[in-house]
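Thanks for coming. I will go through one structure today, feature by feature, and keep to what can be read from the model.

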Amino acid sequence: MSNVPADLKYTKDHEYVRADAAGVLTVGITDFAQGELGDVVFVNLPKPGDRVAAHQPFGTIEAVKAVSELFSPVTGMVAEINGALDGDPAAVNRDPYGDGWMVRLKPDDPKELNELLDAGAYRNQIGE
Amino acid sequence: MRASIPRPERFTYRHIGPRPEDIDDMVQGLGYDSLDALIDAVIPDDIRLRRRLALPKGRTERDVLRSLRALAGQNEIFRSYLGMGYYGTFTPQVIQRNVLENPGWYTAYTPYQAEISQGRLEALLNYQTMVADLTALPITNASLLDEATAAAEAMWMTESIAKKRERPVYLVDEGCHPQTIAVVRTRAAARALEVKVAPAEQFEFGPQVIGALVQYPATDGRVADFRPLAERAHAAGALVTAATDLLALTLLVPPGEWGADIAVGSSQRFGVPMGYGGPHAAFFATKETYKRHMPGRIIGVSKDGDGRPALRMALQTREQHIRRDKATSNICTAQVLLAVMASMYAVYHGPAGLRRIADRVHALTRTLAAALRRLGYTLIHQSFVDTLAIEVERWALPGIVDAARNRRINLRILSPTRLSVALDETVSLSDVADLIAAFALDEALPFMMEEARNEAVEAIPEALQRTTAFMTHPVFHLNRSETEMLRYIKRLEARDLSLTAAMIPLGSCTMKLNATTEMMPVSWREFNRLHPFAPRDQTAGYLRLFQQLRFQLAEITGFAAVSLQPNAGSQGELAGLLVIRAYHESRGDAHRKVCLIPMSAHGTNPASAVMAGFSVVPVASDERGNINLADLRAKAAKHAGELAAIMVTYPSTHGVFETSIREICSIVHDHGGQVYLDGANLNAQVGLCRPGDYGADVCHVNLHKTFCIPHGGGGPGMGPICAAEHLAPFLPDHPIVHVGGPQSCGTVSAAPWGSATILPISWAYITLMGWDGLEQATKVAILNANYIAQRLKGHYELLYSGARGLVAHECIIDTRPFKAVGIEVEDIAKRIIDYGFHPPTVSFPVPGTLMIEPTESESREELDRFCDAMIAIREEIREVEEGRADRLNNLLTRAPHTLEQVIADGWDRPYSRERAAFPSPHTRLHKVWPTVGRVDSAFGDRNLVCTCPPVEAYAAL
């Protein structure tokens, strides 16, 4: 059974979202998603300052035999990216909710967060 | 009494595996009275061909060899100085006999199963290292189809790297080979990319320019300094591709040192015969930054479970089988056998030997240049390596060409007042004397040859002379003697599993017999020494063979016209779609650009559609893998105004004859679209049903599947297209040798008939088998697949079968249920290696499954041996299921087992060494050892290394 922390929000596309006090959202892929993908070998991320749109791709993640798009949970701007993934993509497998984070986003409308799944709903979706 | 003379045995008897009595027995085991009754139950009645193919009956091998000899005798071998990317070469005989003519090398498949492919993977890594060193660009692949398509791939890669621009422009140097320009133009047109052809020094890098292609040295021999051009391009944010020549690069500053971003070219002249156009391996090299944009197969270094260096194909997420319509190219089959030959040529000669060959060719060219100047001719370029462009009076040109012809020499006519001469390693001083005599119009020479030699002047400017070392790795220095070379080739061969060891039951790949008789003509000089642009009156034998092969393929597929140009299945797809596109354009329907592709399609289909400038609309497949008719109707209706085509595979990629194929075709036709039929599964149809009859408009034929061209360890392939009457005018043409229709869709390959030297293989197969043998082969292919399906039925879940519970020529077994106990499809595949077989196709068309295609060539004994292995593996899985074996540390998860592992002093696994290595009685008679353990692909993809690692990497073990 995969790890679905109760304090995070989720998308149908298997991204998680962690909001900090200042309203900045940290986004990565869930433990379930990294398990399905297998060994991650490359993560292609946008640049800080780029615009992202809700439900639209903002990057790609590659395993040895699969490639998947990363979908933005909200509309907004990229504040920061996890440059360390370039040298250590395996962090996504090792620690998806920690070192394996991908981008920090500033949402245009913080209310968009309410449309995301909570841990229970996401757990239902992945059938666990 | 009159003697009764028994008829000699026909070839069909050798090609088909099961004996006649086995066939009867197998058919009855399936519950049918006769093979024909079985076939009636498999193939839908409404598409059956109810007559014999209009081809002669099968013949004996001796008889067909005699016919091939007669055809060969009609080809004339002239000395070729035509150049344009095709040069004479001496194939070292140790390479010819032990690689080119050796089924241990030519019957292997693409190295997807790295543990039993380390031999050719090493040869390919050598190839990449050689290319990286010679071009001075570190990221290389192995390999592409030909120089012209490699240049087109470079253009496409440039387009994907460049930022989106309005009306993008790509600049092409007029010094490029004409066939390269034609292929680049064709591919650019499909992408709405404007190509401007001009002299490189006049290039203007405006804001719309995404990149430029130059030829180094140029097609007419000129050696130019492109440093200023590269600087201007980079300042404007454009990329520079150099089409180049490996032999010349031993003398010239390599493209990577003067600023090129990509280098492409052909490695033909490294020991691979011209072969009237191919097959040859093209190379592709680029900078580290662009590695994820690179097309084709990259061999990379990784490690196995014991930390030992191990090779495998790297960064596969770039490729069509994973990224589909977003792939970096549609290429699948490469030119492995030819890349291996070229790499072995480099290993054999080493850097000093290559340099010596280049120096010799260059010295002879300078001698010729001096003599021509003495004769009063003007050379157009003073800087050259091996090719001269010569100014000639208009009145004198025909006389020179004739004088050359009389000496059995072909010269290239650049224009009514220009000739060119390209020399190569086969040219001797007396050949040069013959050339000079032709240019002297047979008059006595006013000087001695020795004088010309003395007057030869430097022809490579100092700024362009190579100063950096290349091929410094020990592999290029150790194998100078023939004994060492022979052992090196054999050592690598022994690491790989080919058809010489066991069946290779890869679904969708059709790994059937590549008969020795069929292979013989490949090494006959009358077939392999011809230049692709040699005058047609010298190639009558080939032209006759092409004509007959076109007729054979047209009859087999039920179409009116055939183009032999496409050089691989993927290229056939692209060509077929370009034909459809040209057809729509001719009718004022240029807006028809939607291509429907079933979800179950092979990844090449969507990748090809995108290259043809189409937009892909997926069509759902039902749970049986069949096209969902309701969804097809809805999508066809929704896009009726812009529907260009559907791409459909038949029998389906799931190995089933869909009963609705006629309906599928008419739905698409009713909405204005054309039907492209992917011929990958033609082996289930030959003689029984024909794409042209049930509604397709164009299809490609993988000659390397159904028609016996060997897979070569990952190429060569050939993908001719067959088209209905209304599409015939649009078939591909060629700028030098006219071959296509009047409204041709363009040029798809460098050579007019693709890889001509391997076409006699398919001609021989069809001629040997005849209508009767071909039909029987198809029936037995279907029988063999159903036999396997039935034997495995009680042991594995079988996925997809037709209406009556039967499969076509392949079957899929579902291994997903074993995931619950931690056994993945990969574990089963690797365990099959321990039993001495090549695993079936893994995870295509359905993830987590194995697709098995036995072909008609495998005997009942071999089928049983394979089924016994599969059943034994099922019992091994049961041990895990029942808790008798450890879930993480068992025969499957630790497979495959190397000799070193099972013989080492330490053995800490919970199962015996004997079970690991000798799981079946047969493995005691003949054991195929994987030379490395399970390869860690993730490690290699995270740390891409695509050239030979330093020797210390091995010494550390």
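**Strands, helices, loops and a contact between chains**

In chain A, strand 5 (residues 51-52) and strand 8 (residues 76-81) pair in the antiparallel sense, over 2 bridges. Before I go on: this is a predicted model, in which local features need pLDDT of at least 70, side-chain atom pairs count only at pLDDT 80 or more, and totals for chains, interfaces and linings use all residues. Residues are numbered from 1 along each chain as its sequence is written, and chains are lettered from A and ligands numbered from 1 in the order in which they are written.

Helices (H or I, at least four residues) and strands (E, at least two) are DSSP runs, numbered from the N terminus. Two strands pair if DSSP finds at least two bridges between them.

Back to chain A. The bridge partner of A:Val52 in strand 8 of chain A is A:Gly76. Strand 8 of chain A also pairs with strand 9 (residues 103-107) of chain A, in the antiparallel sense, over 5 bridges. There, A:Ile81 stands opposite A:Val103 in strand 9 of chain A.

Now to chain B, where there is an open sheet of 4 strands. In what order do they come? The order is 11-12-15-14, with antiparallel pairing. Strand 11 (378-379) and strand 14 (412-415) of chain B are the edge strands, each pairing on one side only. Strand 11 of chain B is joined to strand 12 (residues 387-391) of chain B by 2 bridges, and the two run antiparallel. B:Leu379 has B:Ile390, in strand 12 of chain B, opposite.

Next, helix packing. Two packed helices are described by the angle between their axes and the distance between the axes. Here the axes are lines fitted to C-alpha atoms, for helices over the stretch in contact, and angles run from 0 to 180 degrees between N-to-C directions.

Take helix 8 (residues 147-161) and helix 9 (residues 178-190) of chain B. They pack at an angle of about 40 degrees, and their axes are 8 Å apart. Helix 8 and helix 9 of chain B are therefore oblique to each other; angles under 35 degrees count as roughly parallel, over 145 as roughly antiparallel, 65 to 115 as roughly perpendicular and the rest as oblique. Their crossing is right-handed, where right-handed means that the near helix is turned clockwise from the far one by less than a right angle, and left-handed means anticlockwise.

Residues from helix 8 of chain B, including B:Ala152, B:Met155 and B:Trp156, meet residues from helix 9 of chain B, among them B:Val183, B:Val184 and B:Arg187. Two residues are in contact if their C-beta atoms, placed from the backbone, lie within 7 Å. By class, this contact of helix 8 with helix 9 of chain B has 8 nonpolar, 3 polar and 2 charged residues. Ala, Val, Leu, Ile, Met, Phe, Trp, Tyr, Cys and Pro count as nonpolar, Asp, Glu, Lys and Arg as charged, and the others, Gly among them, as polar.

The second pair is helix 5 (residues 93-100) and helix 17 (residues 482-494) of chain B, with an angle of about 15 degrees and axes 10 Å apart. Helix 5 and helix 17 of chain B are therefore roughly parallel to each other. The crossing of helix 5 and helix 17 of chain B is right-handed. Helix 5 of chain B contributes B:Val94, B:Asn98 and B:Val99, and helix 17 of chain B contributes B:Glu482, B:Met485, B:Leu486, B:Ile489 and B:Lys490. These residues divide into 5 nonpolar, 1 polar and 2 charged.

Now some backbone details in loops of chain B. The peptide bond from B:Phe844 to B:Pro845 is cis, with omega near 0 degrees, and B:Pro845 lies in the loop between strand 25 (841-842) and strand 26 (849-852) of chain B. Another cis peptide bond joins B:Ala895 and B:Pro896, with omega about -5 degrees.

B:Leu441 is not a glycine, yet its phi is positive, near 50 degrees. Is B:Leu441 buried or exposed? It counts as exposed, with 12 C-beta neighbours inside 10 Å; a residue is buried if 20 or more other C-beta atoms lie within 10 Å of its own, exposed if 12 or fewer, and partly exposed in between, with C-beta atoms placed from the backbone.

Last, the two chains together: 8 residues of chain B are in contact with 9 residues of chain A. On the chain B side, the largest share, 4 residues, comes from helix 32 of chain B.
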